[in-house]
Amino acid sequence: MVAGVDGCPGGWLAVLMEGAGPGAARATIVPDLPALLTLDASVVAIDMPIGLMDAAGDSRPADRAARRFLSQRNTGGVRAPGSRVFASPARVHLDVIRAGGGYSGILESFPPGRRLSKQCFNICDRIIALDDLGPETHEGRIWEVHPEVAFAALAGRTLAPKKSPEGRRARQAALAALGFDLDTLGANLGPRSRRWNPDDLFDACAAAWSAGRIAQGRHATLPQPPERDSRGHRMAIHY
């Protein structure tokens, strides 16, 4: 079994897929990383930065490669496709947070150009949890993926923004073509209120598609070959 995972208001939304493929996939929400790791999945493909740079202001090669990937496939003239890959935090940012600093601490500690976006800061607790695992505990099992990269690979082009009607329809069509039953998966998850959003489910399905390719050894990597960070984490996006 493989799992595609995306963050959601209720914790982590996981789409679980076995040998029968997307048509028999099921979905669940788990509250935190320890619960996620108890899932009986040989590959966990997660939409979250794993390998990190040490210094603020140094962008990850994986992020740069993903932005190029989306830009090169932007045949429909989508505005700023590279902005969908936000800048990942560096370890010095996480050090401030680990020491108890909030977003104001980030702003005070780093000059413009070396700070974090608020969007990134809001998921740093999840990034820290993954970083603290250490590569020796998850090598070969936990893989970084990016849903926008997966959807572009599936569709052969960078899709319209996911919040737009066109973008939502394109994602639903791409997933339906693979065999995902979004209505059934949504029913698995139960009430949406403050727990999950349709975008979370779409992204987790795209991550599950990537996870299946990883399990079969058919995946591609950005960059190729993948790099390692100073702690030994694989620093690459897979699809």
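Phe121 counts as buried, because its relative accessibility is 18% and buried means under 20% relative accessible area, with exposed over 50% and partly exposed in between (1.4 Å probe, protein chains only). The model is predicted, so local features need pLDDT of at least 70 and side-chain atom pairs count only at pLDDT 80 or more, whereas totals for chains, interfaces and linings use all residues. Residues are numbered from 1 along each chain as its sequence is written, and side-chain values use heavy atoms, with hydrogens and water left out. Helices (H or I, at least four residues) and strands (E, at least two) are DSSP runs numbered from the N terminus.

**Aromatic pairs**

- The structure holds two aromatic pairs, where rings of Phe, Tyr and Trp (its six-membered ring) pair if their centres lie within 6.5 Å, and planes under 30 degrees apart count as stacked, over 60 as edge-to-face and the rest as tilted.
- One of the two pairs joins Phe69 and Tyr239, whose ring centres are 5.0 Å apart and whose planes meet at 55 degrees, so this pair is tilted.
- That pair links distant parts of the chain, since Phe69 belongs to helix H2 and Tyr239 to the segment after E7, 170 residues apart.
- Phe69, at 4% relative accessibility, counts as buried, and Tyr239 is buried as well, with a relative accessible area of 12%.
- Tyr103 and Phe121 form a tilted aromatic pair, with 5.3 Å centre to centre and 55 degrees between the planes.
- This pair too links distant parts of the chain, with Tyr103 in helix H4 (residues 103-109) and Phe121 in helix H5 (residues 118-121), 18 residues apart.
- Tyr103 counts as partly exposed, at 21% relative accessibility, while Phe121 counts as buried, at 18%.

**Charges over rings**

- The charged end of Arg171 sits over the ring of Phe151, 5.4 Å from the ring centre, under a criterion that asks for NZ of Lys or CZ of Arg within 6 Å of the ring centre and within 35 degrees of the ring normal.
- Arg192 lies over the face of Trp196, at 6.0 Å from the ring centre.

**Strands and their pairing**

- In strand E4 (residues 43-46), Val43 and Ala45 point one way and Val44 and Ile46 the other way, and all are buried.
- Strand E1 (residues 2-8) pairs with E4 in the parallel sense over four bridges, pairing being assigned if DSSP finds at least two bridges between two strands.
- Strand E6 (residues 221-228) and E7 run antiparallel and are joined by four bridges, with Thr221 standing opposite His238 in E7.
- E6 and E7 form a hairpin with five residues between them, and Gly232 in the turn has a positive phi of about 95 degrees.

**Pockets and cavity**

- The largest pocket has a volume of about 730 Å³, where a pocket is an open set of points on a 1 Å grid over the protein atoms alone, with protein on both sides within 12 Å along at least five of seven lines, and a cavity is a set where a 1.4 Å probe fits but cannot get out.
- Of the 31 residues that line the largest pocket, Asp6, Asp47, Phe86, Gln119 and Lys162 are the closest to its centre, lining residues having an atom within 4 Å of a point.
- E1, helix H8 (147-155) and helix H11 (198-215) are the elements that give two or more residues to the lining of the largest pocket.
- By class, that lining has 11 nonpolar, seven polar and 13 charged residues, where Ala, Val, Leu, Ile, Met, Phe, Trp, Tyr, Cys and Pro count as nonpolar, Asp, Glu, Lys and Arg as charged, and the others, Gly among them, as polar.
- The second largest pocket has a volume of about 160 Å³, and of its 16 lining residues Gly57, Asp58, Ala87, Ser88 and Arg115 lie nearest its centre.
- The lining of the second largest pocket has six nonpolar, five polar and five charged residues.
- A search of the whole structure finds one cavity of 30 Å³ or more, and about 30 Å³ of space lies in the largest cavity, a volume being the space filled by probe spheres set on grid points joined across faces, edges and corners.
- The largest cavity is lined by Ile50, His138, Ile142, Glu144, Arg234 and His238, which divide into two nonpolar, two polar and two charged residues.
- Strand E5 (142-144) and strand E7 (234-238) each supply at least two residues of the lining of the largest cavity.

**An exposed loop glycine**

- Gly76 is found in the loop between helix H2 (61-72) and helix H3 (91-98), and counts as exposed at 64% relative accessibility.
- Gly76 and Gly7 are 69 residues apart in sequence and 28 Å apart in space, C-alpha to C-alpha.
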